[in-house]
Amino acid sequence: MKSYVLTEFGKPLAAIETPTPQPKGTEVLLKILAAGVCHSDLHLHDGYYELGGGKRLVLSERGITPPITMGHEIAGAVVAAGPDAKGVRPGDGYVAYPWIGCGQCAACRAGNEHLCNDARTLGIRQPGGYADYVIVPHSRYLYPLGCLAPQIAAPYACSGLTTYAALKRVGAATFTAQPILIFGAGGLGLMCLKLLKALGGKGAIVVEIDAKKRDAALAAGALAAVDPRGEKPGRAIRAVADGSVAAAIDLVGSSETAQLGTDMLTRGGKYVIVGLMGGERTLSLPLLPIRVITIEGMLVGTLAEFREVMDLVASGRVETMPLIERPLTHVNETLEDLRAGRIHGRAMLTP
Ligand SMILES: [Zn+2]
Ligand SMILES: [Zn+2]
């Protein structure tokens, strides 16, 4: 099988031939039909996250070191299964939940495998989707594709799951009653808009610096798209929201978005931060209790939430978001296009 492997942080992925693995125990071998290119792959490719103020979180210090086959939004067809794998048949199509934990620790036992400190994440700690085949450790991490096209279903393993979980943190009582604020109209932002609509939301005001992405947000159903570098963005937001907002989902995570996102909250409001752009924010602590605001960090979602969002997608209620399909052989160019902001929608690699 061919895999596109990160052999050294910062370098282009190398096409490497290895024997196709044989599934053991409960493992399932999938032939990859679609693999999404996620913004977090760029951080993985770099080998670090910017933490703001010139500080960095270096992945090699966290035990994440090359070689890495990236790709954690994977849909594929079963080719073979280990002797203890249950409920899968060759030829069946699935989306894989990649946020796999050790299965033993308190977080895993509580159903929060994505918070495991000994994670076995596909595409980060174990080989992922930028390849011909992938091993999934257990069939419980698989959701059947049914009638869904693999390239439509795969993004719900990360961007769909993340934005779905972020909307759950905001709460249906809030987002069905009033517009919310969404920062960023890349793949995550457009996904968040589609899910908000499917969940009966009142809609969202999108804040985005890129004019083309603002247009994409409006086309995806945003109530308004505001340029934060324009004149008085706060006033523009208040005009549409009819005042401050009860919730903001920040899919960018820069110093500027965090400032505006927390400033725009009404009393009792919640700012959910997902984006990893790398900013910092000075907070006036008394204003937290006085304004009764909540700041919540969010990273992907649970296996149960993955099933919930997949059920929602399978019900046909979620509009398809713009997809940019590329052959897997173009993975390096696709990563560069994503880095340069030239991808408007979700980039999907197909065989
Ligand atoms: Zn991702
Ligand atoms: Zn664990």
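Start by selecting Leu 181 and then its partners: Leu 181 touches Ala 204, Ile 205, Val 207, Ile 237, Val 245, Ala 248, Gly 261 and Met 264, leaving aside residues up to four places away in sequence. Two residues touch, or are in contact, if their C-beta atoms, placed from the backbone, lie within 7 Å. You are looking at a predicted model, where local features need pLDDT of at least 70 and side-chain atom pairs count only at pLDDT 80 or more, while totals for chains, interfaces and linings use all residues. Residues are numbered from 1 along each chain as its sequence is written, with chains lettered from A and ligands numbered from 1 in the order in which they are written.

Now select β3 itself. Of its 10 residues, 9 are buried, so the strand is largely enclosed by the rest of the structure. Strands here are DSSP runs of E, at least two residues long, and helices are runs of H or I of at least four, both numbered from the N terminus. Strands pair if DSSP finds at least two bridges between them.

- β6 (residues 73-81) pairs antiparallel with β3 over 8 bridges, and Lys 31 stands opposite Ala 77.
- β8 (residues 133-136) runs antiparallel to β3, joined by 4 bridges, with Leu 29 opposite Ile 135.
- β17 (residues 346-350) is antiparallel to β3 over 3 bridges, and Val 37 faces Ala 347.

Then colour by domain, using bounds from an automatic or database assignment. The C-alpha centres of domain 1 and domain 2 lie 26 Å apart, and the contact takes 24 residues from each domain. On the domain 1 side, α1 (39-46), β4 (48-52) and α11 (303-314) each supply at least two residues.

Finally, zoom out to the whole protein chain, with its 12 helices and 17 strands. Its C-alpha atoms fill a box of roughly 60 × 45 × 40 Å along the principal axes, and 46% of the 351 residues count as buried.

Note on methods:
A residue is buried if 20 or more other C-beta atoms lie within 10 Å of its own, exposed if 12 or fewer, and partly exposed in between; C-beta atoms are placed from the backbone.
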